[in-house]
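Please examine the sequence and the three-dimensional model shown below. The paragraphs that follow proceed from each chain to the contact between the chains, and then to a single helix.

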Amino acid sequence: MSSSPTKMEQYWKKNLQTLGILLFIWFIVSFGFGILWVEELNTIRIGGFKLGFWFAQQGAIYAFLVLIFVYVVRMNKLDKEFNVNED
Amino acid sequence: MDLLAWTYLLVGLSFALYLGIAIWSRAGSTEEFYVAGGGVSPLANGLATAADWMSAASFMSMAGLISFSGYDGSVYLMGWTGGYVLLALLLAPYLRKFGKFTVPDFVGDRYYSNKARVVAVICALFISFTYVAGQMRGVGIVFSRYLELPIEWGVVIGMAIVFFYAVLGGMKGITYTQVAQYCVLIFAYMVPAIFISMQLTGNPIPQLGLGGEVAEGVPLLDKLDGVLGDLGFSDYTSGKKSIPDLFMITLALMVGTAGLPHVIVRFFTVPKVKDARLSAGYALAFIAILYTTAPAVAAFGMYNIIQSTSEKPIDQLPEWVLNWQQTKLIQIEDKNGDGLVQYLPDPASNELNIDKDIMVLAGPEIAQLPDWVVGLVAAGAMAAALSTAAGLLLVISTSISRDLFKTFRPEISDKKELRIARLSAAGAVILAGYFGINPPGFVAEVVAFAFGLAASSFFPVILLGIFSTRVNKEGAIAGMLTGLVFTISYISYFKFVHPELNTAEHWWWGISPEGIGSLGMALNFLVCFGVSWLTPPPPKKVQELIQEIRIPKGAGQASNH
């Protein structure tokens with residue numbers, strides 16, 4: 001292992017921070033908007049959709065996709081920054 | 001050409017394609033057989049994962065399930081996609097870095113114990129077998145509906161096809177056939193959906209059509225709420241399940257998805273850690289195409305069926321209703337003798353019974369599409385069932401040849417191990433076929449089982465294995481067993497022992513058997529932590545292994561140790 005332990009710890013900490021933020025959003029868009037606050041959001045309308053229903057059957061899935069791609073980009077950057085990337 | 005000829009032609013062509021790919025991509029070594037030599041591109045792996053994941057149930061039944069449960073059906077949509085976020089962020093990159101071939105491999109090495117490995121093998125076998133029986137049954141049903149063959153013959157033909165490419169090609173053969181199967185199934189799903197969306201709402205994109213209008217100023221979903229409400233049903237856009245139950249089912253499905261061995265193992269096939277992350281993103285993108293279309297197909301189907309049957313004279317129903325009545329998927333009985341069809345919530349006076357699979361299967365006829373589209377949907381359904389079955393069979397054969405045989409007889413040669421892997425794949429195909437022909441009577445319940453078990457056994461120990469350096473073998477074994485036993489007991493009690501008590505007032509805290517995997521997972525976590533703290537920490541070598549899998553560098557070499 002080329003990186004020193006402290007550097008390694010920093011990398012891991014930043015990784016955990018990224019995970020924390022992304023998983024928080026993951027929870028909010030699905031369990032939050034799709035289940036817990038669905039009634040409240042259903043009072044708002046977008047086109048032919050009630051917003052809560054839209055999140056539960058469409059929006060959450062789009063949000064999941066964005067989350068994974070944000071994670072990919074962010075981690076590739078972090079890997080390079082800490083010189084732990086593979087190429 | 002008539003409908004049956006088209007169906008034979010398209011299904012036959014798709015089978016020829018799969019077999020061609022299988023011959024082209026034969027596996028020559030155990031590494032190729034288990035993980036396709038670790039050389040699959042992230043895009044190809046994403047496509048293969050999507051086909052692997054989307055089963056006969058996703059293709060044929062999910063839309064119908066949503067049709068009849070409306071908003072409550074959202075648990076499947078969020079549950080079966082949200083798991084990919086967990087997989088991408090918490091498991092896939094680290095397991096790829098670990099660089100071996102199976103989930104029990106990881107559990108056995110990380111928890112430095114062959115006992116833990118064996119417990120993991122048992123979980124993997126149990127999950128995969130329950131799941132694969134349903135797939136084989138699905139193949140048989142598609143054959144019997146479209147090709148007018150007995151279900152048994154359908155299962156046997158399906159077995160022969162899977163046998164050929166899974167046994168011959170291993171992971172390598174499966175991966176490239178799954179890529180082809182994804183293309184077939186998504187095309188077959190989208191064509192009718194796009195046409196129906198256009199007819200109903202004027203918008204060719206079903207995802208937008210769902211929010212479109214069926215008449216000037218009348219949104220489809222509002223109209224559906226109104227029509228269902230007039231008949232005495234609850235609103236389409238609001239549900240009947242309690243919030244805690246919705247919450248727990250969604251969580252169990254998400255965590256279960258992330259813990260399914262046949263999905264996890266797909267991420268061992270890409271060359272780098274970076275690729276594992278990216279390919280989880282691709283996989284979800286390809287899955288999302290179908291999963292965001294399904295709720296539209298569900299609403300369109302419900303609307304069409306009510307519009308063309310409810311309060312309509314029985315002798316003037318559209319042709320597709322009459323066609324599907326022959327297969328018993330639509331059943332009409334004029335109970336009050338008024339010559340009209342009444343669709344009502346009360347089973348005593350309801351005159352229309354619709355199988356949930358009809359929403360997808362009858363799609364092309366409802367949209368009045370040409371016969372070849374019907375054949376295409378048949379080929380798509382078959383692709384969905386075969387691809388999932390093959391992925392599961394590979395997990396079963398790998399578990400036997402590698403996790404059991406190789407672990408306890410490490411001296412066997414690569415060539416011999418490959419032969420054992422092929423033999424166990426063959427054995428698994430035959431066993432799965434047997435269960436397909438003689439279904440154990442609980443095919444519908446096995447979904448709850450498979451996800452509940454994956455959630456309560458694998459997910460916590462893999463997660464803690466990566467993110468905690470303190471959790472040890474005693475904790476892992478105790479945790480897995482607790483989660484497993486608790487979840488099996490709860491589901492068995494309500495599904496098999498006392499099915500008459502399977503209602504909300506008897507459930508613990510209102511959690512249905514479908515959602516109990518979440519509680520099993522929580523118990524697994526608690527026990528795993530508790531026992532680990534009371535027993536000695538893992539040895540230094542394992543601590544180093546954990547540090548090693550946390551950084552991406554060096555994944556290329558890792559696969560060879």
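Two residues are in contact if their C-beta atoms, placed from the backbone, lie within 7 Å. Among the contacts in chain B that join residues at least 6 apart in sequence, 81% link residues at least 24 apart. In chain A, residues 24 or more positions apart account for 55% of the contacts with a separation of 6 or more.

This is a predicted model, in which local features need pLDDT of at least 70 and side-chain atom pairs count only at pLDDT 80 or more, while totals for chains, interfaces and linings use all residues. Residues are numbered from 1 along each chain as its sequence is written, and chains are lettered from A and ligands numbered from 1 in the order in which they are written.

Helices (H or I, at least four residues) and strands (E, at least two) are DSSP runs, numbered from the N terminus. Chain A has three helices and two strands, arranged along the sequence as α-α-β-β-α. Its radius of gyration, taken over C-alpha atoms, is 18 Å, well over the 12 Å that the globule rule (2.2 Å times the number of residues to the power 0.38) gives for 87 residues, so chain A is more spread out than a compact globule. Its C-alpha atoms fill a box of roughly 55 × 25 × 15 Å along the principal axes.

Chain B has 23 helices and four strands. Its radius of gyration of 24 Å agrees with the value near 24 Å for a compact globule of 561 residues. A residue is buried if 20 or more other C-beta atoms lie within 10 Å of its own, exposed if 12 or fewer, and partly exposed in between, with C-beta atoms placed from the backbone. Buried residues make up 59% of chain B and 37% of chain A.

Where the chains meet, the contact takes 35 residues from chain A and 42 residues from chain B. Helix 3 of chain A provides the largest share of the chain A side, 16 residues.

Helix 1 of chain B, residues 3–24, reaches 32 Å from its first C-alpha to its last. Its buried residues are B:T7, B:L10, B:V11, B:S14, B:Y18, B:I21 and B:A22. They cover an arc (of the directions from the helix axis to the C-beta atoms) of only 120°, which puts them on the same side of helix 1 of chain B. The cover over these buried residues includes helix 7, helix 8 and helix 17 of chain B.

Technical notes
The expected span of a helix is 1.5 Å times one less than its number of residues.
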